[in-house]
Structure formats: C-alpha cells, structure tokens
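Open the model in your viewer and keep the sequence panel beside it.

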Amino acid sequence: MRRIDVLPIGFVEETVLAYVARALAGAFRVRTEIRPGLRLGEDSYDPRRLQHNATALLERLARERSAGADRVLGVTEADLYAAGLNFVFGQADVRSGAAVISLARLRPEFYGEPHEEGLFRLRALKEAVHEVGHTLGLGHCKSPRCVMHFSNSLADTDRKGEGFCPRCRKEAALPVESPRGE
C-alpha cells in the first residue's frame, strides 16, 4: 500500500483530520493525503432515524478515491447506521478499498459526559485503523487487545488496543510501528 486518502464528509475539524491522517500513516507506514471533502447529502440521510447510511457513504467514497491512492477513509461527525444495526462507529468495503468512520458516538459529550480530547482522539484512531484494516481483508479478531477486535459498544472500543496483534499484523503484512507514528 502506498497512500491512503482521508476525506471529511460534512464539516470535520482540520486538527482531527490531521490527527487521523498521522495515525493511519503510522499504523500502515504509508503516505496519507487529506483531500477536499464531500457534502453530506440527502442520498444517505434517513429522516426517520436522524442518521446517515454508512453503505451509501461508502459508495460515494469509492468513487472519490484519487489516482495513486490505495485506500480512502471518510471521516464524518454524522451519526451512522447500517442495515440491521442501530448505529455503527464505522464501516468498510474490501472490494473498493473504501472505509468511513463517524466521530459522533466517539465523543464523550454524546453520552452527556465532559469533553476529553485525548480520549476522543484515541477512539478516533482506533476506529480509523480498524476500518482501514478491514479494507485489507482483515476480519474481526478474537484478541480483546487487538485493534481489529469487534466493538459492539464504546466500552469495547475503549478496552481494545490501538495496534494490531501479531496474527493480524502478519496476515496483512503490516509493520510493527505504533499507530501514533511513534
């Protein structure tokens, strides 16, 4: 893999996009490029649920991946859902190399708690690396500390680690470095 495009969908703070891009660069040892964003449109919005359909956003992202990019990650503040689920933190499509994450439910204030920037960013890092991992063909891992462990709740996201376990790292031929690029 050579490059991952990172695109905001709707308004996303530039500092958050830059942090996610650096995390991806560190986790996958590739270049990242923050590209012009996409508008949140009616095509993905469900007014009954007050949420956007992650699958519809993935289809748009797949068309937006630029030449030279192997993967594309969309980042949005919108609350997302997928068929049969109340919400998703993110979703990925291995065929197109597209992934999307929602920051909405990663923020402590979504649950009435005070804002904690460090906790929020760590959650965003984990979900971004997790979804891009799916685009490489990685499934959910049984190891509770692996970033590829399934998150059914925010507590699951908080418990899992930010890096890949040895099995997932080997399966995807990933480097050993930290997702934070340290």
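**Before you start**

This is a predicted model: local features need pLDDT of at least 70, side-chain atom pairs count only at pLDDT 80 or more, and totals for chains, interfaces and linings use all residues. Residues are numbered from 1 along each chain as its sequence is written, and side-chain values use heavy atoms, with hydrogens and water left out. Helices (H or I, at least four residues) and strands (E, at least two) are DSSP runs, numbered from the N terminus.

**Stop 1**

Select residues 3–9 and 31–34. These are strands β1 and β2. They run parallel and are joined by four bridges. Two strands pair if DSSP finds at least two bridges between them. Click Ile-4: opposite stands Thr-32 in β2.

With β1 and β2, helix α1 makes a right-handed β-α-β unit. Right-handed has a viewing rule: with the strands pointing away from the viewer, the path from the first strand over the helix to the second runs clockwise.

Next, pick Arg-29, in the loop between α1 and β2. Its phi is positive, about 55 degrees, although Arg-29 is not a glycine. Arg-29 is partly exposed, at 47% relative accessibility. The classes are these: buried means under 20% relative accessible area, exposed over 50%, partly exposed in between (1.4 Å probe, protein chains only).

**Stop 2**

Select Tyr-19, in helix α1. Tyr-19 is buried, at 15% relative accessibility.

Select residues 117–135 to show α3. How far apart are the end C-alpha atoms of this helix? They are 27 Å apart, which agrees with the 27 Å that 19 residues should span at 1.5 Å a residue. The expected span is 1.5 Å times one less than the number of residues. Helix α3 is mostly covered, with 15 of its 19 residues buried. Just after α3, find Gly-137, with a positive phi of about 95 degrees.

**Stop 3: the largest nonpolar core**

A nonpolar core is a set of buried Ala, Val, Leu, Ile, Met, Phe, Trp, Tyr and Cys residues joined through side-chain atoms within 4.5 Å. The largest one here has 37 residues. Select Leu-24, Phe-28, Leu-73, Val-75, Leu-103 and Phe-164, which touch the most other members. Color the elements that give two or more residues to this core: β1, α1, β5 (71–76), β8 (98–102) and α3. Helix α1 gives the most, with nine residues.

**Stop 4: paired rings**

Rings of Phe, Tyr and Trp (its six-membered ring) pair if their centres lie within 6.5 Å; planes under 30 degrees apart count as stacked, over 60 as edge-to-face and the rest as tilted. By this rule there are three aromatic pairs.

Show Phe-28 and Phe-164. This pair is edge-to-face, 5.7 Å centre to centre, with 65 degrees between the planes. Phe-28 is buried at 5%, and Phe-164 is buried at 7%.

Move to Phe-110 and Tyr-111. Their ring centres are 5.0 Å apart and their planes at 70 degrees, so this pair is edge-to-face. Phe-110 is partly exposed at 38%, as is Tyr-111 at 36%.

**Stop 5: charges over rings**

A charge sits over a ring if NZ of Lys or CZ of Arg is within 6 Å of the ring centre and within 35 degrees of the ring normal. Select Arg-107: its charged end sits over the ring of Phe-120, 4.0 Å from the centre. Then select Arg-49, whose charged end sits over the ring of Tyr-81, 3.8 Å from the centre.

**Stop 6: the three-stranded sheet**

Show β3, β4 and β6. They form an open sheet in the order β3-β4-β6, with mixed pairing. The edge strands are β3 (45–46) and β6 (80–81), each pairing on one side only. Strands β3 and β4 (residues 51–53) run antiparallel, joined by two bridges. Asp-46 has Gln-51 in β4 as its bridge partner.

Finish at Leu-50, in the loop between β3 and β4. Leu-50 is not a glycine, yet its phi is positive, near 60 degrees. Leu-50 is exposed, with a relative accessible area of 61%.
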